[in-house]
Amino acid sequence: MMEYKGYKAQIDFDDEAGIFVGEVINTRDGITFRGRSVDELRQAFRTAVDDYLVLSSDMGASAAGPYSGTLAIRVNPMLHRAIATCAQRDGKSVAAWIADRLSEAAGVVPVK
């Protein structure tokens with residue numbers, strides 16, 4: 001995981017191409033970058049974010065800020081109790097249990 005100006009990136013390695021590829025994961029817009037070394041990858045990430053911010057400014061639009069990772073929801077008390085029971089059964093906090101269920105539903109592998 002890399003972070004720059006509040007934007008977080010997930011990094012993978014493309015074995016066929018022999019390069020690292022990265023994608024900013026906490027924004028609605030697609031921001032990708034790549035590099036052959038860690039230093040090159042880090043610089044490409046920073047350049048991609050900076051270019052994104054400049055491009056958004058030049059277009060008169062505001063850049064989509066990074067998602068914070070915080071989500072507040074309201075549920076009825078019966079559902080809250082059921083969620084708490086399930087979380088306790090699984091040995092997790094309510095927040096961790098909900099995050100796991102949302103990841104499963106959305107088909108997203110949690111990033112640590």
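I started with charge pairs: my search of the whole structure, a predicted model, turned up 5 salt bridges. Side chains of opposite charge can pair when their charged atoms come close.

**Entry: Lys5 and Asp50.** I found Lys5 in a salt bridge with Asp50, with the closest N and O atoms 2.8 Å apart. Lys5 sits in the loop between β1 (2–4) and β2 (7–14), while Asp50 belongs to helix α1 (residues 38–58), so this pair ties together parts that are 45 residues apart in sequence. I also checked the cover on Asp50: its relative accessibility is 24%, so I noted Asp50 as partly exposed.

**Entry: Asp39 and Arg42.** Staying in helix α1, I saw that Asp39 and Arg42 are 3 residues apart there, about one turn of the helix. Their side chains meet in a salt bridge at 3.4 Å, N to O. Asp39 counts as exposed because its relative accessibility is 58%; Arg42, at 33%, counts as partly exposed.

**Entry: Arg101 and Glu104.** Next I went to helix α3, where about one helical turn separates Glu104 from Arg101, as they are 3 residues apart. Their salt bridge brings the closest N and O atoms to 2.8 Å. Glu104 is exposed, with a relative accessible area of 55%, and Arg101 is partly exposed at 27%.

**Entry: a nonpolar patch.** Which residues form a nonpolar patch on the surface? I listed Leu71, Ile73, Val75, Leu79 and Leu102, which together have about 460 Å² of accessible area. I traced Leu102 to helix α3 (residues 94–106). Its relative accessibility is 45%, so Leu102 counts as partly exposed.

Notes
Residues are numbered from 1 along each chain as its sequence is written. This is a predicted model: local features need pLDDT of at least 70, side-chain atom pairs count only at pLDDT 80 or more; totals for chains, interfaces and linings use all residues. Side-chain values use heavy atoms; hydrogens and water are left out. Patches are made of residues with over 30% relative accessible area and no salt bridge: like charges are joined within 9 Å, nonpolar side chains (Val, Leu, Ile, Met, Phe, Trp, Tyr) within 5 Å. Accessible areas come from the Shrake-Rupley method with a 1.4 Å probe; for residues, only the protein chains shown count as cover. A salt bridge is a side-chain nitrogen of Lys or Arg within 4 Å of a carboxyl oxygen of Asp or Glu. Helices (H or I, at least four residues) and strands (E, at least two) are DSSP runs, numbered from the N terminus. Buried means under 20% relative accessible area, exposed over 50%, partly exposed in between (1.4 Å probe, protein chains only).
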